[in-house]
Amino acid sequence: MRSSEIRKVFLDFFKEKDHLILPSFSLIPKDDPSLLLIGAGMAPLKPYFTGAQKPPHPRIATCQKCLRTPDIARVGLTARHATFFEMLGNFSFGDYFKKETIAWAWELVTEVFSLPAERLWISVYKDDEESYDIWKNDIGIAPEKIVRLGEEDNFWEIGEGPCGPCSEIYYDFGPEKGCGDENCAVGCDCDRFLEIWNLVFTQFDKQKDGQYLPLAQKNIDTGMGLERIAAVLQGVPTIFEIDIIKPILDYTCQLAGKVYGQDDGTDVSLRIITEHIRGISFLIGDGVIPSNEGRGYVLRRLLRRAVKHGWFLGFKSPFLYKVVPVVIGLMENFYPELRQRELFITEIVQKEESKFLETLALGMDILDEIISNLKEKSMKTLSGAEAFKLYDTYGFPLELTEEILAENDMDLDREGFQKELEKQRQRARAAVSASFLQGEKSDLPDLANYPLPSFVGYENLSCSTIIEAIYVDKKFSDSVSKGQKAFVLLKDTPFYAESGGQVSDQGYLQGAKGKAFVLDTIKGSRGHTVHICELVEGTLSKGEKIDAFVDIEKRLDVSRNHTATHLLHRALINTLGEHVQQAGSLVAPERLRFDFTHFSPLDKSMLDKIEKEVNRQVWHNRRIKVKQMSLGQAKKEGATALFDEKYGDQVRVVEIDDYSKELCGGTHVNYTGEIGIFKINAESSIGSGLRRIEAITGRYAYDYLSQKEALVEEVQQLLNVRYDQIPGRLLELLKEYKMMRKENDELKLKIASCNIQSLLDNAEKVNGTLVIKGQVSADDMSALRKQVDLLRDKIKSGIVVLGSVVNDKVIFAGAVTKDLVKKGCHAGKLLNKVASLTGGGGGGRPDMAQAGGKDPALLEKALNKVSELVQEQFNQISG
């Protein structure tokens, strides 16, 4: 039975059992910061299990794409381990329970999939008598084929909360596939017993004190690995030989020129590449970009591991991207989004692959040099320190270092490597500790005994309030006077403290007896809004009633830019694709900066398209609505949340009509028309797979465009043409300039030829050798060398030394023909002595040299000495 049929049969079976069939969710968890990637069929349905959301149906079944890395080191070594897999699952939310789950599982595997009952074994949790009795009495499984296992294998829990026992169905491939141990049985880690279906009965609620209380609503969560059941139904010993994986293996063999099954080491590398390229394709297809953290690091790790094993097979140039179309061809019927994103996937793989191959090539050069040095010293072991430097500084894989050393009959000091690795970890821990202590020693006061101030700044830019605390010179004070700086805590505040990429408000505090400028507003360690103030008049006192005023112009500028970042975010997604994710931002009054995930630079046409889309939303004057709601409700309404951002139970949702909806605590305009105009002024790379756009809005955009307009008007006046004639006139002038420059160069060449002839006519002979010297006109050293080359080419044998003055400095160039070089003449030594006569120096090769001097007044004197210095060289040669 083909894998596509297995999917269909499974889902159709449960559809007949009144299950709602849902498509696979993305590998990227939706609005769940607790998960890095979807690693189980139940993960996308977690809100239904926890009760946070009501499921669309009490019974659901899916075929869910999943990715896990805990067993990555075992991929390729066993018949069954994989990082990427498809999980077939049926789920119940307070509906059916153990009896139905077990009965349907047995019905599907024995009657529908027609697996022989004698090949099947059952495991149950050691204390789960209910499941044991259902298998034994209702299904009729012999007691000796029901194995009781402990908590590690057959009890599912993640800390406190819902949990429960598991029951698993195993397929027995027979003793010939086992480890040979007489005690080999279900639970053994060999390849004989393959777990094909796990049935989880969520019936308990684990308490803080460790008690297991019964759940009011019992749930079912099952998972059957598609690749594993396919191996059984297709009669192949490993998942690498099933119909949706073997073609990838075969194509990789074809690219590598290898035959599978002839060498264990080669087979491991082939299997790793085959397995990893599946996960790589699906991760990128779902919008993950290679990076050094989070899910991007998972992708990078898979990619580099596959490339490394490609290197073992002889691939020294990108190859992995060529396998992507094979994966897509096998999977597109069930996952059509792969074909839609094929170009994007292959481009990301090729770029990342190329970069890592450069790393490998550099490491190989360094390692080759190290091996040569070891051989010279008759040493057989590479030190741990050198191996660690290759690994840490150059990113060279340790396994590859060992492989290459083995080829040269050498080994590696593993213990020394581990010591160096531990030293690095200790340095990292020390750095973290030092950073923590430095933060603890901040001048900010501890405000634990003070209530959190009320922020009124969303609605009001000024308010009457009371000073709760004043902190001056590292101590609390009852007052602050003119000229002093202080941390001030207010009961209510309209000032926005810097957070979420938005800069803080500034303004002033006005009391009956004093006034203070608010220079900055920051969040204290306990969440208090702290105002950094400088007293400019009189005094302010603790407990005093004052008025607080935010700088309105700055706040409006910042709000324009913040709303613009939301518009830009959506425009980028609409233009570039769903893989775009916010990776950082800066919202200041004079500019905005937006960092996002994307694999390549944006050309001018693309930037123009994005800029126009944002401006269209500005011109439409869309209304901005701000709502407070629960996090669950915000997610339900589709609000965009940042993956690493921490949110409370209540969140603030900023909605721009039907165009954009994001979780955001910043300040915004009321209508997009208030932004005025949006102008992109820079786009750049800030790292692998990360881009940055910088832009301006409002009055800053107006000033920028006004300056450009003034510049254009100035050019228009200088050229004495209309605005639309500027490009044409500039092209004409450039054409005229090129023609004039060409004519100028030709004239210079004629003058130089005349000079050359003059120099030839005035050449001297020293010891029978032609010596040409003189001062010439040259724009730079390059032009001077060309004249030297022309003279040298004109003569069969001789010495040339020319000098010139450029920008009030002396330059020299010289040449010696090959016949004289053989006799011992040296242009570099000669030029050095000539230049020293003008307060300079230089040198070069025996046949060609250049030098510089400081005093142009001494140039003629220096050139007059050339023949004498040539004679000195001849004297030294003959002497």
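Author: Two strands pair if DSSP finds at least two bridges between them; strands are DSSP runs of E with at least two residues, helices are runs of H or I with at least four, and both are numbered from the N terminus. The model is predicted: local features need pLDDT of at least 70 and side-chain atom pairs pLDDT 80 or more, while totals for chains, interfaces and linings use all residues. Residues are numbered from 1 along each chain as its sequence is written, and side-chain values use heavy atoms, without hydrogens and water.

Reader: What makes β32 and β34 a pair?

Author: Strand β32 (residues 809-816) and strand β34 (residues 848-853) share six bridges in the antiparallel sense, and at least two are required, so they pair. Ala 815 faces Met 848 of β34 there.

Reader: How do you know that β33 also pairs with β34?

Author: Strand β33 (residues 841-844) and β34 are joined by four bridges, again antiparallel. Gly 843 stands opposite Gln 850 in β34. With three residues between them, β33 and β34 form a hairpin.

Reader: How many aromatic pairs are there in the whole structure?

Author: The search finds 31 aromatic pairs. In one of them, the rings of Phe 388 and Tyr 391 have centres 6.1 Å apart and planes at 40°.

Reader: Why is the pair of Phe 388 and Tyr 391 called tilted?

Author: Rings of Phe, Tyr and Trp (its six-membered ring) pair if their centres lie within 6.5 Å; planes under 30 degrees apart are stacked, over 60 edge-to-face, and the rest tilted. The 40° of Phe 388 and Tyr 391 belongs to the rest, so their pair is tilted. Phe 388 and Tyr 391 are three residues apart in helix α13 (residues 384-393), about one helical turn.

Reader: Why does Phe 388 count as buried?

Author: Buried means under 20% relative accessible area, exposed over 50%, and partly exposed in between (1.4 Å probe, protein chains only). Phe 388 has 6%, so it is buried. Tyr 391, at 37%, is partly exposed.

Reader: What makes the pair of Phe 455 and Tyr 496 edge-to-face?

Author: The ring planes of Phe 455 and Tyr 496 stand at 65°, with centres 6.3 Å apart, so the pair is edge-to-face. Phe 455 is in strand β12 (residues 454-455) and Tyr 496 in the loop between β17 (492-493) and β18 (507-510), so the pair ties together parts 41 residues apart in sequence. Phe 455 is partly exposed at 26%, whereas Tyr 496 is buried at 6%.

Reader: How do you know that Arg 652 lies over the face of Tyr 458?

Author: A charge sits over a ring if NZ of Lys or CZ of Arg is within 6 Å of the ring centre and within 35 degrees of the ring normal. Arg 652 is 3.5 Å from the ring centre of Tyr 458. The charged end of Lys 316 likewise sits over the ring of Trp 311, at 4.6 Å from its centre.

Reader: Which residues of α19 are buried?

Author: They are Gly 698, Ala 701 and Leu 719. Down the axis of α19 these residues fall within an arc of 85°, so they line one face; the arc is that of the directions from the helix axis to the C-beta atoms. The face turned away carries the exposed residues Gln 707, Leu 711, Gln 717 and Leu 718.

Reader: Why is Ser 804 called buried?

Author: Ser 804, in strand β31 (residues 799-806), has a relative accessibility of 2%, so it counts as buried. Its contacts (heavy atoms within 4.5 Å) include Val 776, Leu 784, Ile 811 and Leu 859, not counting residues up to four places away in sequence.
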